[in-house]
Amino acid sequence: MTARPRIVVAGGGFAGLEAAFMARMRLHDNVDITVVSDHERFLFKPNTTYIPFGAEPDHLFIDLDKPLKRRNIAFIKGQVVDVDPGAQTLVLADRTRVPYDFLVLATGASMRPEEIPGLTEHAAQIFTVDAMLDLRRRLDKVLIRAEAGRRSDVLFVVPPNNKCSGPLYEIVFMLETWLRRHGVRDQVNITYSTYERSFIQAFGPRLHQVVASEFAERGIEGHTEEVVERIRAGEARFEGGVTRSFDDLISFPPYVAAVHYPALPSDERGFITTDLPSREVVGYPGVYAPGDAGDFPVKQAFLAFLEADSTAEHVAARVQDRQPAGGFDPVSMCVMEMFDKATFAQVPLRLTGDPLRPVEVRPDADGEYKVGVSPLWRLGKKLLGVYLPMRFRAGEPFHAGVGWTLMDVGLKGMTGVLTT
């Protein structure tokens, strides 16, 4: 370790920025911190689900220049391609090498729709801003057809190896409400098909019950344990010979790691093998992989924050020669927008070792497993959409300070009244 430790953070998303800001808050000016990213703006991805229904994406971006300078964090624009653990350098596409004492690999996940033949050609997808804008154009055409009295079949599909399909559930509910408000709901058949054993499988039986009940109430046909094999024009084919026709297909493709690091241990999809509490890469002290780049099975913003906080704490403990105060405790929180109401869930998770069901609700969760449905939870999502950008614009971590204390008190108050 150099006299003034160098912390290099690869990635400018949720996990990367949270780790950088939290490390600066914990270690002050006793370390040098550098963020490396191929994007100069941060995207608040959870709210991209509003784009297909008319929201403009510009307000979802935060320029990184001011908050990074405010916290004396250097920035290098470049595409990360590998790491050289022996030389302790991060390798960029232009062959630049960035030396580090501690390395945080928060380069996230990407989509691989080509795993399902025909998905790229025939389905709208939802991972990027461009994909959401394309979906807006498609849904506008659905509305035009419906207003002209022409019926449509809209099919939603979650294929295997999707690591968190929550946003697709949001969009199906938002679509149903949107069509109803336009007075054309009866012109559109909506079907939802997932490979999961239950709806939102990772988050347990209570979320499944909420989704199943909402599907029934809204006239959405829902199917579980359907593994899509192939997409053709107007038809999706599933294992066992089941076929479903569609006029429009909307899918959340399989996940893969955005960057594959040949020098580091990873699973077959490129997600880096880590120690659960610290998010440290197995066999590589001082190298960490919080968020979607690591091997925790659920890819979700709130969990990425928790992983990044644990990473920052473990790095700070190493720098300060002390024991870390705790580690990553996977308790997810999410708000699922429906336009007329929203669902909140707090879900304590644990690993199972079963590749078909890699996480489950902790059996001892007791009162910590909370689910609630209310129009008031829409306010909760809007508050989070204001709070997080405000923190990052100030160069401050999500889980810290007076702001988080107030937000936490508010969430606890709402969960006490609006969940079971």
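Me: How much space lies in the second largest pocket?

Reply: This is a predicted model, and in it the second largest pocket holds about 870 Å³ of space. Its lining counts 36 residues, and Lys163, Pro297, Pro355, Leu356 and Pro358 are the ones nearest the centre.

Me: What residues line the largest cavity, and what is its volume?

Reply: The volume is about 30 Å³, and the lining consists of Ile7, Val9, Ala19, Ala20, Ala23, Val104, Thr311, Ala312 and Val315. Strand S1 (6-10), helix H1 (14-27) and helix H7 (301-320) each give two or more residues to that lining. By class, eight of the lining residues are nonpolar, one is polar and none is charged.

Me: What makes the chain as compact as a globular protein of that length?

Reply: First the make-up: the chain has nine helices and 24 strands. The globule rule gives 22 Å for 420 residues, and the radius of gyration of the chain is 22 Å, so the chain is as compact as a globular protein of that length. Along the principal axes, the C-alpha trace spans about 70 × 45 × 40 Å. Buried residues account for 56% of the 420 in the chain.

Me: How many aromatic pairs does the structure hold, and why is the one between phenylalanine 252 and tyrosine 255 called tilted?

Reply: There are 25 aromatic pairs. In this one the ring centres are 5.6 Å apart and the planes stand at 50°, so the pair is tilted. The cut-offs put stacked under 30 degrees and edge-to-face over 60, so the rest falls to tilted.

Me: How do you know whether phenylalanine 252 and tyrosine 255 are buried or exposed?

Reply: Buried means under 20% relative accessible area. Phenylalanine 252 has 3%, so it is buried. Tyrosine 255 has 4%, so tyrosine 255 counts as buried too.

Me: What kind of pair do tyrosine 387 and phenylalanine 398 form?

Reply: That one is edge-to-face, with 70° between the planes and 5.3 Å centre to centre. Tyrosine 387 sits in helix H8 (residues 376-393) and phenylalanine 398 in the loop between H8 and helix H9 (401-418), so the pair ties together parts that are 11 residues apart in sequence. Both tyrosine 387 and phenylalanine 398 are buried, and both belong to one aromatic cluster, which also includes Phe14, Phe392 and Trp404.

Me: What is the phi of glutamine 88, and where is glutamine 88 found?

Reply: Its phi is near 50°, a positive value in a residue other than glycine. Most residues other than glycine have a negative phi. Glutamine 88 is found in the loop between strand S6 (80-84) and strand S7 (89-92).

Definitions and conventions: Residues numbered from 1 in each chain as written. Predicted model: local features only at pLDDT ≥ 70, side-chain atom pairs only at ≥ 80, totals over all residues. Heavy atoms only, no water. 1 Å grid on protein atoms, 1.4 Å probe; cavity = no way out; pocket = protein on both sides within 12 Å on 5 of 7 lines; lining within 4 Å. Points joined across faces, edges and corners; volume = space filled by probe spheres on them. Helix = DSSP H or I, 4+ residues; strand = E, 2+ residues; numbered from the N terminus. Nonpolar A, V, L, I, M, F, W, Y, C, P; charged D, E, K, R; others polar. Phe/Tyr/Trp six-rings, centres within 6.5 Å; stacked < 30°, edge-to-face > 60°. Buried < 20%, exposed > 50% of the residue type's maximum accessible area, 1.4 Å probe, protein only. Rg over C-alpha atoms; globule rule 2.2 N^0.38 Å.
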